[in-house]
Amino acid sequence: MLDKSALIPAVMRKLDKLPTGHCIDLRTYKRNRSVMIIKTAPEEFEFREDGFEKKKFTVPETKIKSVLKKMLKREFPRSNKIRVYDLGRFHPEKMNRDLKTL
């Protein structure tokens with residue numbers, strides 16, 4: 001678990017080292033809301049929100065920091081600690097939730 005104030009630099013370091021096709025999952029302490037970040041191409045990431053809003057969208061590597069800041073405010077407004085999981089290779093067939101495409 002990471003403190004919310006240290007989350008963005010830690011996630012940015014993880015995303016730099018993340019191989020294409022792998023993902024990380026950010027969850028609240030209670031694990032009831034999550035944000036999954038999947039590296040789909042060398043400089044492209046897919047975000048999947050499952051919390052207050054349920055949607056997915058693609059973000060270029062240059063915009064990740066600003067998108068993370070907005071998502072922290074929207075999905076984790078009162079959380080002080082956030083769980084970060086490295087899920088390895090992403091398997092879309094294991095995802096059983098329907099998310100709206102933006």
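Predicted model: local features only at pLDDT ≥ 70, side-chain atom pairs only at ≥ 80, totals over all residues.

Colleague: How many residues does helix H2 have, and what does it reach from its first C-alpha to its last?

Modeller: Helix H2 spans residues 64–75 and has 12 residues. Its reach is 16 Å, close to the 16 Å expected at 1.5 Å a residue.

Colleague: Which residues of H2 are buried?

Modeller: Ile64, Val67, Leu68, Met71, Leu72 and Glu75 are the buried residues of H2. They cover an arc of only 140 degrees around the axis, so they lie on the same side of H2.

Colleague: And what is exposed on the other side of H2?

Modeller: Lys70 and Lys73 are exposed there.

Colleague: What do the buried residues of H2 pack against?

Modeller: They pack against helix H1 (7–17) and against strands S2 (22–27), S3 (34–41), S4 (44–50), S5 (54–60) and S6 (81–89).

Colleague: How do H1 and H2 cross?

Modeller: Their axes come within 11 Å and cross at roughly 135 degrees. That angle makes H1 oblique to H2. The crossing is right-handed.

Colleague: Which residues meet there?

Modeller: From H1, Leu7, Ile8, Val11, Met12 and Leu15 meet Ile64, Lys65, Leu68, Lys69 and Leu72 of H2.

Colleague: Changing topic, what is the phi of Arg31?

Modeller: Arg31 has a positive phi of about 65 degrees, although it is not a glycine. Most residues other than glycine have a negative phi.

Colleague: Where is Arg31 found?

Modeller: Arg31 is in the loop between S2 and S3. Arg31 is partly exposed, with a relative accessible area of 46%.

Definitions and conventions
Residues numbered from 1 in each chain as written. Heavy atoms only, no water. Helix = DSSP H or I, 4+ residues; strand = E, 2+ residues; numbered from the N terminus. Expected span 1.5 Å × (residues − 1). Buried < 20%, exposed > 50% of the residue type's maximum accessible area, 1.4 Å probe, protein only. Arc of directions from axis to C-beta. Contact = heavy atoms within 4.5 Å. Axes fitted to C-alpha atoms, helices over the stretch in contact; angles between N-to-C directions. Parallel < 35°, antiparallel > 145°, perpendicular 65-115°, else oblique. Left-handed = near helix turned anticlockwise from the far one by under 90°.
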